[in-house]
Amino acid sequence: MAKLIYDKSGRLLFTKEMKREYTLLMPQMLPVMFTMMKRVFELDGYKIDLLTSTHRGIVETGLKYVHNDTCYPALLVIGQLLEAVNSGEYDINKVGLLITQTGGGCRASNYIHLLRKALEKAGLAHIPVVSVNLSGLEKNPGFGISLTLIRQMAAAMIYGDLIVWLSNQCKPYERIAGSSDELIAYWTDKLVTSFGNGVGLRKKEMRRIMKEITKDFASIDMSSQRDKPKVGIVGEIFVKYAPLGNNGLEQFLLDEGCEPVVPGVTDFMIFKINNRVVDVDLYNGSKLKRFFASIFQRYIEGLQSEMIEAVKTQSIFRPMGTFSDLQRLIRGYLGYGNKMGEGWLLTAEMLELIHMGINNIVCTQPFGCLPNHVVGKGMIRKIKDDYPQSNIVAIDYDPGATKINQENRIKLLISNAERIYDGFDDEVDLLACGLDYAEIDENIIDTGNDDSEGKGKNKRSNRRKGDVSGRGKGSGKGEGKGKGGRRHRRKEKEMTRVRF
Amino acid sequence: MRIGIDIGSTTVKTIVLSDGGELLYSSYERHYSQVREKAVEQLKQAAVVIGDEKPTIALTGSAALGVAKSSGLPFVQEVYATAAVVKARIPDADAVIELGGEDAKIIFFGNSLEERMNGSCAGGTGAFIDQMATLLNVSVSQLDDLSLNYEKIYPIASRCGVFAKSDIQPILNQGGRREDIAASIFQAVVDQTVGGLTQGRELKGKLVFLGGPLTFLYGLRKRFIETLELDDNTAIFPQDAQCYAAIGAAMCAESQNAQDYDDILRLLENAADEASDESPIMPLFENHDEYDEFTLRHAGATPEKIDNESYSGDAFLGIDAGSTTTKLVLIAPNGGILHSYYSSNKGNPVTIILEQLKEIYQRYGDRIRIIRSAVTGYGEELIKNAFNLDLGLVETMAHLRAAKYFNPDVDFIIDIGGQDVKCFKIRSGAVDSIMLNEACSSGCGSFIETFAVALGYSIDDFAKLGLFALAPADLGSRCTVFMNSSVKQAQKDGASIEAISAGLSISIVKNAIYKVIRATSAEELGKNIVVQGGTFLNDAVLRAFERIMDTQVTRPGISELMGAYGAALAALDNWEFGLHASHSHSFGNQETTVFANIGEYSKMEISTILGEADLSGFTHEVRPVKCGACTNNCSMTINMFSGGRRYISGNRCSVPLGTSNITEPNLMKYKYEKLRLMQGKGLGTGERGKIGIPVGLNMFENLPFWFEFFTKLNFEIVLSQKSSRELYILGQRTIPSDTVCYPAKLMHGQVESLLDMGVDNIFLPCLPYNFDEGISDNNYNCPVVAYYPELLAANMPRLKTIRFLTPYFGLHKRKGFISKSALYFKEQFSIPECETKKAAKAAYCAYKTFITEIENEADDYIHYARKNGKQIIVVAGRPYHIDPEVSHGIDELICSLGLVLITEDAVSRRMTKESRKVLNQWTYQARMYNAARYVIENDDMQLVQLVSFGCGTDAITTDELREILETNGKLYTQLKIDDISNLGAVRIRLRSLIAAMENSLVEKS
């Protein structure tokens, strides 16, 4: 065991000696990106193990060591780390824990502290906990984030988002099962290897590589019928992405014959940086910090637009929106100051999905998640009013929630999604009831430009949006639309008529 | 021909439709978790009508998912199926409400179709009604009949079954009429459905009611009709309503999938259950030898033997009127048991005690003389008054007394009863810290019993089944509602009844350990652990406890009677104390301090308990009334007994009791009243118009600031109405998230009340940051406080008719606020910037003045307490906990118990910042840590933490606060509050605290 050194507040530090001897355990969240991150850290000389376990023992350990009313992700992450430490696979005198820390008014900022409390309870207080953050919280002599590392992580994030975005559009349609996964493995490996050689980090290189990636995914042997119901996933970041957190939601949707659409993590990163800019705008503060934050924001935004351009090179793929699209969409719903947890971004992502024509959305959250009372469940009513075609279900994740109840609710969402595709009908004239199921927006990418202008106006005039009685034409958004001319195509499909 | 099979959580429904849509066959039966078998059975019965036809089939229902998957038969989601059939049969319906065994669903037609199912925490509708019927010891249909004859409706928490149960128990125990309770149960179902599922969309027009409970329960129907103000034209209860989902499934079945009946039957029969996940849980006992060793080890702990056939002499009576069970023990002076009784309350503890007393008199006649009688438990006051008993004592003390009998060195007691889990650590013979469960852990003990009965087993047989289960089912540990649905999932996954029995025992123990004790190892508890309570009679539970904590414990043979036994022993102590101590009151025997009026009783010769003659003429009448003596308008129950004895319950203050209402100083009340005065024009002219302010959440802190700010700007301040349950109901249907805290939910009603008052502007800023008081690492508000205004704007349509101001401000940055607010109010009201800036500066001063006044007032209280030898309670919560509707009068209760009350914010600034083990980043929460540190420096202070249900930040603060207090020899008391809080449970906690405080005083003297 390395010598234990503490800082002034009594926090156990991760020393340079530990860097040489210790293995750092890291919980899984974004399977593709974290796999790359692990490799990136390894390039920097760390020994890293990415934990991919999903068994029930994790929850049990979490329940034992973490206050049971704490959010589910904390319980899982801490449970997973402690399980691993106690598994006997590691020398408990030569292991450290790595955990990301975002900071902010959400209780999630407390994960690292809860983890230390849990270690203490378990008699493992000698295990160092390393915070990965970009806010300058908790520094460690043996763990520094260099500029190179930041660039590598940023690149890993962008590439990871791209790969996930593309593979999600391939997987449901691939003719040879597993071909998308193979390509994911191929590219993640290739990318990190090239990072090691200092290649693939510059914007120009990224542009080229991302186009290559896109091309590769486009050439996967896929069915020409790309008409599976598309289901968006938004939510608290851990349960949104981590299969451990959401009981394998993406896989469940795939099994049910849907195409999952998961907005990437790049927007979240920009959102967190942008919060610093917004704070100064709203409340005053250091202009210098604001300046640096906005430079950083622009850097990532630049990478993001390269990514979008790359996707656009293959017409078969639906491109993602930009961060500024999200900023425009959220107007009239939440202020930019709403930044705790996923903040306004979560609602904006739902709006973005709807504007992409993806009306079916699973809004995931840990049971009792504080910010999501407002930005998740709290906004569904308004979205539904503004976009009556939207089909959103909020699912709580919790150690005690049964999978069957969750799946049944998602099934309901999917039934309604399929109704759109099957042109469900019966003797009753659905159109007369305003149930315009047959109407869909397909393959229309709407950046939300025109709509958000209208929204701004609507807010100022406090006008009630959407004259719903005149529907049949669109999303019922009233003034908001208009010149943008969203086209609507009636799905011409044989209707199965049932006689009663 | 079409077949639809709906497999729900409790029932299977099979229907056959002709091609013309005619219902040819239908059946509706409970499946008792024999899901597939029941479906096959019903399908076989339907063979007659199917004949040689090639039918199409579809399955639906939550439990059909697995069956459909393994059989390959088509599946239709049940809400989708229901929507289809309603659209076809009742085309002009506006909404559908369907209640099933576990799920509640609502479908809105009209402009946009919306289908919603209840959230995870609102589980159990049919199952909930079943449980409540068991609680009242009636069948579901009897419950229905009872409800039709109600006189009054009690407010019962509609959040979930567990909460409702903890509300019903005290009503039962205080003698509430069963008719009223039955109707109240149905009303709770209605409130939950309407409040939890509509989420802002109005229920109006033609409503269709479906599902088993709504088909068969007329009382429930009636509650819906009255609550939603429906009539025969707008409330539709269609024929076959219980089978609608099945009919819908049949309608949705794809006609091209027609297949032979025999094939369908074969597919269904062969639908092998999916292999259940391997259980991570070890069996309770590997073999019978282990079990024998275990039983032998636990056989020892029994009371002294006594020959009750021949005994004559003195006797002492102890009664434990628990929440679900009544226990009675009659002992001889040596502690031997002459008579004992244990039974479920069956809704009326008074009747049970009456019968038992009669039996005792009949059996023993003149052979014994009851010297003292004592009662403990929820029904303490009721029983004491009913039978004129001598003593009442708080449960914790009774349990401690009994545990000491079996193990004088006891240092940890855990009692799992039907309703409550109580744990206490004992240090040098006195209670050192008390852990009582909060609502979510309630009812675990009785859950096993209810469950066993539902499956047709006795509790003993059911428990035995689990002892040797090879792979106990993992059923979670959150609460009984979640466990209930986990059981159903486990059953569908093919778990055996043995596995479930073992799993339940383990889950209940885990709930107690993870949620109540919060310990990870036995060392944290102690060396001499005594377990008790009826639930521990169950060997599986006992074994699970020993297994999980990896320790060996003492379980007395009368584990279920310990409360009553402790009461009897206390009665004995009291008599002995009277014999030995001639003067009335002296510290020395610490048990005796549990009786407030010791002096009076300890000298008596014989118990005041009703004699045999009195019992023959015993009458008990219950009358519900609404107290009008003050603005609290308490819902009270008056119990009248023969001989003119009365017992009133449900009152918050002592006014209706006719005694004077003197209480100790109460800073919560002081603050609240001071804040309510902050309305009107102040020193300004009011010429700029009215600004409405909802008094909720952080307005309880910031109102002095905004009042000064706006009146300086010549606005008139209009405050929302005082909070009340009615106000909450007013805004309830616009609440989108049913798991948010009650103070936040109240905001909806407060805004509604302002809108009713006709204000043009409502001001409620978004404040992610709070004032920086220099006592924390950061100065945030919690996400709910910070952003709730935006939620209100999005969910309350009426707000669109006025100007609802929700700007983002940062009061922590004074300069920033002054300049930003100047710009904002210039934009909104064209107020010159310099004017706003001046007002802002004045506002900061006013806020500071207010804080100082509160702190000074607290100083006065502390001074008063010390002068008069009173103990001081620091109530640590949030500013909004001073709202009487949020705290439910806990403050008044504390003060009526002779304690002086001050609040956390009045003392938090007396301490400097100290680093914490958690991220100390919220201002309000940081105050609590400091208040706790202040309390440990003062011998005459204790801290009580108020926690709102659903408060996420308190999941972090509670452990930290407890640590600060307990490592410094203070008690940690947490009171969890929600929309309805029964003060009965709070009273027990507070009395336990007081008793423990007295003990520690004794120790010191």
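1. A residue counts as buried if 20 or more other C-beta atoms lie within 10 Å of its own. By that test, helix α15 of chain B (residues 380-387) is mostly covered, with seven of its eight residues buried. Note that this is a predicted model.

2. Which residues of α15(B) are buried? They are Glu380(B), Leu382(B), Ile383(B), Lys384(B), Asn385(B), Ala386(B) and Phe387(B). The list includes Glu380(B) and Lys384(B), and Glu and Lys count as charged.

3. Now the core. The largest nonpolar core holds 469 residues. Ile78(A), Leu115(A), Ala249(B), Ala568(B), Val874(B) and Ile902(B) have the most contacts inside it. Helix α6 of chain A (residues 147-170) supplies the largest share of this core, 12 residues.

4. Take Ala568(B), one of those core residues. Setting aside neighbours within four places in sequence, its contacts are Phe316(B), Leu317(B), Gly318(B), Val329(B), Ile331(B) and Ala374(B).

5. Next, a helix pair in chain B. The axes of α1 (residues 35-45) and α12 (residues 261-269) of chain B come within 9 Å and cross at roughly 165 degrees. Angles over 145 degrees count as roughly antiparallel, and α1(B) and α12(B) are therefore roughly antiparallel to each other. Their crossing is left-handed.

6. Which residues make this contact? From α1(B) come Arg36(B), Ala39(B), Val40(B), Leu43(B) and Lys44(B). From α12(B) come Leu265(B), Leu268(B) and Glu269(B). By class, the contact of α1(B) with α12(B) has five nonpolar and three charged residues, and no polar ones.

7. On to the contact between the chains. Chain A contributes 76 residues and chain B contributes 74. On the side of chain A that touches chain B, the elements giving two or more residues are α3 (57-65), α5 (111-121), α11 (266-283), α15 (370-386) and α16 (403-422) of chain A. Of these, α15(A) gives the most, with 11 residues.

8. How do the residues on that side of chain A divide by class? There are 27 nonpolar, 27 polar and 22 charged.

9. Last, chain A as a whole. Chain A has 17 helices and 10 strands. Of its 500 residues, 55% count as buried. Among contacts in chain A with a separation of 6 or more, 73% join residues 24 or more positions apart.

Methods. Residues are numbered from 1 along each chain as its sequence is written. Chains are lettered from A and ligands numbered from 1 in the order in which they are written. This is a predicted model: local features need pLDDT of at least 70, side-chain atom pairs count only at pLDDT 80 or more; totals for chains, interfaces and linings use all residues. A nonpolar core is a set of buried Ala, Val, Leu, Ile, Met, Phe, Trp, Tyr and Cys residues joined through C-beta atoms within 7 Å. A residue is buried if 20 or more other C-beta atoms lie within 10 Å of its own, exposed if 12 or fewer, and partly exposed in between; C-beta atoms are placed from the backbone. Helices (H or I, at least four residues) and strands (E, at least two) are DSSP runs, numbered from the N terminus. Two residues are in contact if their C-beta atoms, placed from the backbone, lie within 7 Å. Axes are lines fitted to C-alpha atoms, for helices over the stretch in contact, and angles run from 0 to 180 degrees between N-to-C directions. Angles under 35 degrees count as roughly parallel, over 145 as roughly antiparallel, 65 to 115 as roughly perpendicular and the rest as oblique. A crossing is left-handed if the near helix is turned anticlockwise from the far one by less than a right angle, and right-handed if clockwise.
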